[in-house]
Amino acid sequence: MIDDLEYNTEREHLIIPEYGRHLQKMINHAKSRETKEERNKLAKSIISVMGNLQPHLRDVADFQHKLWDQLFIMADFDIDVDSPYDKPEREVLQARPEPLEYPQNFPKYRFYGNNIKTMIDVAITWEEGEMKDALTYTIANHMKKCFLNWNKDTVEDAVIYDHLFELSNGALNLKDSEEALSDSSSLLRTKSKYGNKSNTNKNKNNNKKKYSNNRKRY
């Protein structure tokens with residue numbers, strides 16, 4: 001009896017394991033039928049069973065179309081039945097996608113990130129005026145925040161202005177500006193304020209608990 005045992009490693013490979021081996025055997029049985037009428041009848045029954053095994057697909061658009069495609073895939077595209085949909089092609093399903101073209105940006109100041117460079121490029125295209133000046137100062141303030149995330153100390157506005165001038169190839173120049181950026185201490189204080197919010201709530205809960213334990217009982 002031990003000699004009759006079958007291991008999964010010795011069995012036929014399941015193309016879509018989610019449906020199980022019994023459904024794969026049903027499809028293999030349908031492929032072996034001689035008449036097309038009988039194959040069509042078995043194929044419709046198999047589609048019905050597949051729908052019951054995958055109820056979550058009922059909310060998917062073209063539910064039946066997806067099941068018929070899976071039937072052909074599990075049959076290794078070698079079953080002659082009449083499908084209400086176009087038969088999928090093996091070459092199309094197995095085609096490898098084109099490799100994604102990741103942006104090859106190697107900024108000199110990595111701590112600013114690529115978004116800053118994108119914002120600078122957009123600001124350069126704007127017409128001169130108050131809107132462009134406001135955007136330029138907004139970018140400079142954001143650059144200062146990014147710099148402080150990288151360097152925990154402080155940074156002079158002149159450094160930010162130099163970096164902005166360099167990254168914009170001289171198109172955005174705030175070196176002669178008399179308007180100062182946001183103070184570094186206020187930016188750091190804001191960051192620590194939100195960073196310690198959980199600790200503050202924890203201390204409040206501990207104080208409440210301590211107070212409740214010290215109350216007199218009458």
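Predicted model: local features only at pLDDT ≥ 70, side-chain atom pairs only at ≥ 80, totals over all residues.
1. The largest nonpolar core has 21 residues. Within this core, the residues with the most contacts are Tyr112, Ile120, Ile139, Met143, Ile160 and Leu164. In soluble globular proteins, nonpolar side chains tend to be buried together.

2. Helix 6 gives the largest share, with 8 residues.

3. Ile160 is one of the residues with the most contacts inside the largest core. Which residues does Ile160 touch, leaving aside its neighbours within four places in sequence? They are Tyr112, Ala140, Met143, Lys144, Phe147, Val155 and Leu181. Among these, Tyr112 and Met143 are also listed with the most contacts inside the core.

4. How do helix 6 and helix 7 pack? The angle between them is about 115°, and their axes are 10 Å apart. Angles of 65 to 115 degrees count as roughly perpendicular, and the two helices are therefore described as roughly perpendicular to each other. Their crossing is right-handed.

5. On the helix 6 side, the contact is made by Thr136, Tyr137, Ile139, Ala140, Met143, Lys144 and Phe147. On the helix 7 side, the residues are Asp157, Val159, Ile160, Tyr161, His163, Leu164 and Leu167. By type, the residues of this contact divide into 10 nonpolar, 2 polar and 2 charged. Ile139, Met143, Ile160 and Leu164 take part in the helix contact and are also among the residues with the most contacts inside the largest core.

6. Asp76 deserves a look at its backbone. Asp76 is not a glycine, yet its phi is positive, at about 60°. Asp76 lies in the loop between helix 3 (63–74) and helix 4 (90–93). Its relative accessibility is 37%, so Asp76 counts as partly exposed.

7. Phe77 is found in the loop between helix 3 and helix 4. Phe77, a residue other than glycine, has a positive phi near 60°. Is Phe77 buried or exposed? Buried means under 20% relative accessible area; Phe77 has 15% and is therefore buried.

Key:
Residues numbered from 1 in each chain as written. Heavy atoms only, no water. Core = buried A, V, L, I, M, F, W, Y, C linked by side-chain atoms within 4.5 Å. Buried < 20%, exposed > 50% of the residue type's maximum accessible area, 1.4 Å probe, protein only. Helix = DSSP H or I, 4+ residues; strand = E, 2+ residues; numbered from the N terminus. Contact = heavy atoms within 4.5 Å. Axes fitted to C-alpha atoms, helices over the stretch in contact; angles between N-to-C directions. Parallel < 35°, antiparallel > 145°, perpendicular 65-115°, else oblique. Left-handed = near helix turned anticlockwise from the far one by under 90°. Nonpolar A, V, L, I, M, F, W, Y, C, P; charged D, E, K, R; others polar.
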